[in-house]
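Reader: I would like a close look at a single part of this protein, with its surroundings described in plain terms. Please give the cut-offs as you go.

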Amino acid sequence: MGRQVSDVKESATGRNLGCTEALELRQTSGDRAVFASVTSHPTDPAATFACPADHLYVLTMAKPDRLTIESEGSQSAGAPQTLIRSR
């Protein structure tokens with residue numbers, strides 16, 4: 001359905017420690033949708049660490065072009081709090 005890309009920079013080296021997740025739509029209800037990560041890998045292709053899986057993202061439509069990620073999910077570190085559609 002989509003993907004979530006985290007960019008988490010290590011302060012000492014500047015190396016990207018974020019993870020990229022493929023998301024699957026699990027549930028919708030009114031103005032809310034729940035997405036689950038089905039795969040996860042380092043955002044930096046040269047990275048050698050393992051990324052955790054099974055994160056949940058609960059999104060609520062705040063405005064027609066704005067989604068907010070609720071704190072009740074188990075988001076990956078560095079996930080954005082708001083998604084805004086640009087035209």
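This is a predicted model: local features need pLDDT of at least 70, side-chain atom pairs count only at pLDDT 80 or more; totals for chains, interfaces and linings use all residues.

Author: A polar contact is a pair of N or O atoms within 3.5 Å; within protein, one must be able to donate a hydrogen and the other to accept it, and residues adjacent in sequence count only if both atoms are side-chain atoms. Residues are numbered from 1 along each chain as its sequence is written, and side-chain values use heavy atoms, with hydrogens and water left out.

N16 sits in the loop between β1 (2-5) and β2. Strands (E, at least two residues) and helices (H or I, at least four) are DSSP runs, numbered from the N terminus. A polar atom of the N16 side chain lies 2.8 Å from the backbone nitrogen of G18. The backbone nitrogen of V8 is 3.4 Å from a polar atom of that N16 side chain. With a relative accessible area of 10%, N16 is buried; buried means under 20% relative accessible area, exposed over 50%, and partly exposed in between (1.4 Å probe, protein chains only). Contact means heavy atoms within 4.5 Å. Apart from neighbours within four places in sequence, N16 touches S6, D7, V8, K9, T43, D44 and F49.

The loop between β1 and β2 also holds E10. E10 is partly exposed, at 27% relative accessibility. The side chains of E10 and T13 are joined by a polar contact of 2.5 Å. Neighbours within four places in sequence left aside, E10 is in contact with R15 and L17.

Next comes the disulfide, which is counted when a pair of cysteine sulfur atoms lies within 2.5 Å. The structure has one, and it joins C19 to C51 with an S to S distance of 2.1 Å. This pair links distant parts of the chain, 32 residues apart: C19 belongs to strand β2 (residues 19-29), and C51 to the loop between β3 (32-42) and β4. The link of C19 and C51 is left-handed, with -90° about the S-S bond. C19 counts as buried because its relative accessibility is 6%, and C51 is buried too, at 14% relative accessible area.

Elsewhere, the largest nonpolar core has six residues: L23, A33, F35, Y57, L59 and I69. Such a core is a set of buried Ala, Val, Leu, Ile, Met, Phe, Trp, Tyr and Cys residues joined through side-chain atoms within 4.5 Å. At least two residues of this core come from each of β3 and β4.

Strand β4 (residues 56-63) runs antiparallel to strand β5 (residues 66-69), and four bridges join them. Two strands pair if DSSP finds at least two bridges between them. β4 and β5 form a hairpin with two residues between them, and K63 stands opposite R66 in β5.

For the whole protein, there are six strands and zero helices. Of its 87 residues, 28% count as buried. Among contacts with a separation of 6 or more, 29% come from residues 24 or more positions apart.
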